[in-house]
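Student: Could you take a close look at one part of this model with me? I'd like the numbers and the cut-offs behind them.

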Amino acid sequence: MRDRLNYLFETVRPAGKPRYSVREVAEAIKRDQNFDISAAYINYICTGERENPGVQQVRALACFFGVPVAFLLGEGDLGQVSRELDRLRAAVVLKEKLQAADDAMNDPGVRVVALKARGLSPSHLKLVSAMLDQVREIEGLD
């Protein structure tokens, strides 16, 4: 179980952010599942000090990471779960990009720029995009 849980800590993370801490996982399980599991207990599982965690703890961890309980118990195909997690991560990133685009288009200033860019040749669009990248860098937005 230790290896699979550590695998989930390494691979399941908020887009663009570092891995979850055991404290974040414990707090999220308490908040979202109304189940009390301590960060120390999760850490014991991750380090192998706790080799046989309780059923409720395993269920809570599986639920948090979005995997079947069987996966944590060593019964699932690591490759298949990895592919599913990759697809989920890609969907989350796409959703965030679409939300950012939607938010941007709700800004009147951004709409004006987009409308002015409409109809430009691909080479001039590339030039405008490069200029915007530089301005964003100057303003500390990237």
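Student: Which residue forms a salt bridge with Glu10, and how far apart are the closest N and O atoms? Then please carry on to helix 2: which residues in it meet helix 4?

Tutor: A word on the ground rules. This is a predicted model, where local features need pLDDT of at least 70, side-chain atom pairs count only at pLDDT 80 or more, and totals for chains, interfaces and linings use all residues. Residues are numbered from 1 along each chain as its sequence is written, and side-chain values use heavy atoms, with hydrogens and water left out.

On to your pair: Glu10 forms its salt bridge with Arg19, and the closest N and O atoms are 2.4 Å apart. The term asks for a side-chain nitrogen of Lys or Arg within 4 Å of a carboxyl oxygen of Asp or Glu. Glu10 is partly exposed at 43% relative accessible area, and Arg19 is partly exposed too, at 32%. For those labels, buried is under 20% relative accessible area, exposed is over 50%, and partly exposed is in between (1.4 Å probe, protein chains only).

The structure holds four salt bridges. One of them links Arg2 to Asp3, with 3.4 Å between the closest N and O atoms. Arg2 is partly exposed at 40%, while Asp3 is exposed at 55%. Another joins the side chains of Asp32 and Arg31, at 3.0 Å from N to O. Here Asp32 has 55% relative accessible area and is exposed, as is Arg31 with 60%. Elsewhere, salt bridges that share partners tie Glu10, Arg13 and Arg19 into one network.

Helices here are DSSP runs of H or I with at least four residues, numbered from the N terminus. The C-alpha of Asp32 is separated by 9.8 Å from that of Ala60, 28 residues away along the chain.

Now the helix 2 packing. Two packed helices are described by the angle between their axes and the distance between the axes. The axes of helix 2 (residues 22-33) and helix 4 (residues 55-65) come within 10 Å and cross at roughly 95 degrees. Helix 2 is therefore roughly perpendicular to helix 4. Axes are lines fitted to C-alpha atoms, for helices over the stretch in contact, with angles from 0 to 180 degrees between N-to-C directions. Under 35 degrees is roughly parallel, over 145 roughly antiparallel, 65 to 115 roughly perpendicular, and the rest oblique.

And the residues you asked about: from helix 2, Val25, Ala28, Ile29 and Gln33 meet Arg59, Ala60, Leu61, Cys63, Phe64 and Phe65 of helix 4. Contact means heavy atoms within 4.5 Å. This set splits into eight nonpolar residues, one polar and one charged. Nonpolar covers Ala, Val, Leu, Ile, Met, Phe, Trp, Tyr, Cys and Pro; charged covers Asp, Glu, Lys and Arg; the others, Gly among them, are polar.

What about helix 3? Its axis and that of helix 2 come within 8 Å and cross at roughly 125 degrees, so the two helices are oblique to each other.

Most residues other than glycine have a negative phi. Asn34, though, has a positive phi near 55 degrees, and it counts as exposed at 67% relative accessibility.

Back to helix 4. Its buried residues are Gln57, Val58, Ala60, Leu61, Ala62, Phe64 and Phe65. Their cover includes helix 1 (2-11), helix 2, helix 3 (39-47), helix 5 (69-72) and helix 6 (78-105). Gln57 counts as buried at 19% relative accessibility. Leaving aside neighbours within four places in sequence, Gln57 is in contact with Phe35, Ile37 and Tyr41. Helix 4 is followed by Gly66, with a positive phi near 75 degrees.
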